[in-house]
Amino acid sequence: MTRRWPRRISAASYRPIMADARPVLLEAHSIHACYESVEVLHGIDLSITTGSVTAVLGPNGAGKSTLMSVLAGLHPPSSGLVRFDGKPVSFGRGDSLVRAGLCLIPEGKGVFPNLTVAENLWVMTHGGVSRRVIEETAYRYFPQLATRRSQAAGTLSGGEQQMLAMARAVSTAPRLLLLDELSMGLAPLIVEELYRVVAQLAEEGVTVVLVEQFAEFALKVAQSAVVMTGGRIVHSGPTSDVTASLHDLYLGVLPSNGTEPDGPPTDASQTA
């Protein structure tokens, strides 16, 4: 597998190109999803165009991670339809989506702690890409990992573990990358480095959907954004529109006494 490597860019310098005219790669229609008897998604409609970067924003408990699990074919909706590349998603067959080019990096550091960095990358050869190409690609995006090649993943810093999780994903040249809470628990400098790679992937034409509770970095690289609260999309549009009204949409309006925002309450049983 060959790839043309672009110049190294920063998330701050990346300027996305609007993708309105591009074909739809991923779409969700009227998605409802439950955990046992509790419904956490209430009629989600979403359309992701090829080569676009879409930010899914919202407070904790809004249903963002559940939506990502549904889009990745891991959590079957109670009703509604998901299509990837024009074909209905078969839930419980996530392996077929992976082969088709969809890759999910879930919330948290999804690495094998007892395996070395190199061994964590080695497991990605199941798709037929050679170990040499996998490692070469991963270290090109994250040179820091090359110096940790023989180190157990569980002994890496939290930021390095997130780099490794992301390196494994991008080393297989995905068509669609789903990123769930990329910045969770990480220092701003590490988050900047991770979003530099997101911007680089976007420049290469990879379609990206990223979930973030903290919007600053996501809005720098995304062309469009949706804001979720209470399991519903309450706003969608270009990032410029979302940024302008983010306080009201995302946090609610802070009352004059400085206590609690009066945005929609979240249910503790609804995971983000």
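**Exercise 1. Is E160 buried or exposed, and at what relative accessibility?**

Before we start: this is a predicted model, where local features need pLDDT of at least 70, side-chain atom pairs count only at pLDDT 80 or more, and totals for chains, interfaces and linings use all residues. Residues are numbered from 1 along each chain as its sequence is written, and side-chain values use heavy atoms, with hydrogens and water left out.

*Solution.* 
- Step 1: find the residue. E160 sits in helix 6. Helices (H or I, at least four residues) and strands (E, at least two) are DSSP runs, numbered from the N terminus.
- Step 2: look up the cut-offs. Buried means under 20% relative accessible area, exposed means over 50%, and partly exposed is in between (1.4 Å probe, protein chains only).
- Step 3: compare. E160 has 7% relative accessibility, so E160 counts as buried.

**Exercise 2. List what E160 touches, leaving aside its neighbours within four places in sequence.**

*Solution.* 
- Step 1: settle the term. A contact means heavy atoms within 4.5 Å.
- Step 2: read off the partners. With those neighbours set aside, E160 is in contact with Q144, L145 and R148.
- Step 3: check for polar contacts. That term covers a pair of N or O atoms within 3.5 Å; within protein, one must be able to donate a hydrogen and the other to accept it, and residues adjacent in sequence count only if both atoms are side-chain atoms. The side chains of E160 and R148 make one, at 3.0 Å.
- Step 4: look at the backbone too. A polar atom of the E160 side chain lies 3.1 Å from the backbone nitrogen of S157.

**Exercise 3. Describe the largest pocket: its space, its lining and the elements that supply it.**

*Solution.* 
- Step 1: get the idea. Rolling a probe the size of a water molecule over the atoms shows where empty space is left.
- Step 2: On a 1 Å grid over the protein atoms alone, a pocket is an open set of points with protein on both sides within 12 Å along at least five of seven lines, while a cavity is a set where a 1.4 Å probe fits but cannot get out. Lining residues have an atom within 4 Å of a point. Grid points are joined across faces, edges and corners, and a volume is the space filled by probe spheres set on the points.
- Step 3: give the volume. The largest pocket holds about 670 Å³ of space.
- Step 4: name the lining. There are 26 residues lining the largest pocket, and V98, L102, C103, M124 and H126 are the closest to its centre.
- Step 5: trace the elements. Helix 2 (94-100), strand 6 (102-105) and helix 6 (158-170) each give two or more residues to that lining.
- Step 6: sort by class. Ala, Val, Leu, Ile, Met, Phe, Trp, Tyr, Cys and Pro count as nonpolar, Asp, Glu, Lys and Arg as charged, and the others, Gly among them, as polar. The lining has 17 nonpolar, six polar and three charged residues.

**Exercise 4. Work out how covered helix 1 is, and what comes just after it.**

*Solution.* 
- Step 1: helix 1 spans residues 64-71 and is mostly covered, with seven of its eight residues buried.
- Step 2: the buried ones are K64, S65, T66, L67, M68, V70 and L71.
- Step 3: just past the helix comes G73, with a positive phi of about 80 degrees.

**Exercise 5. Which loops hold E36 and A173?**

*Solution.* 
- Step 1: E36 is in the loop between strand 1 (24-35) and strand 2 (38-49). A173 is in the loop between helix 6 and strand 7 (176-180).
- Step 2: check the backbone angle. E36 has a positive phi near 55 degrees, though E36 isn't a glycine. A173, also a residue other than glycine, has a positive phi near 55 degrees.
- Step 3: check the cover. E36 is exposed at 82% relative accessibility, whereas A173 is partly exposed at 28%.
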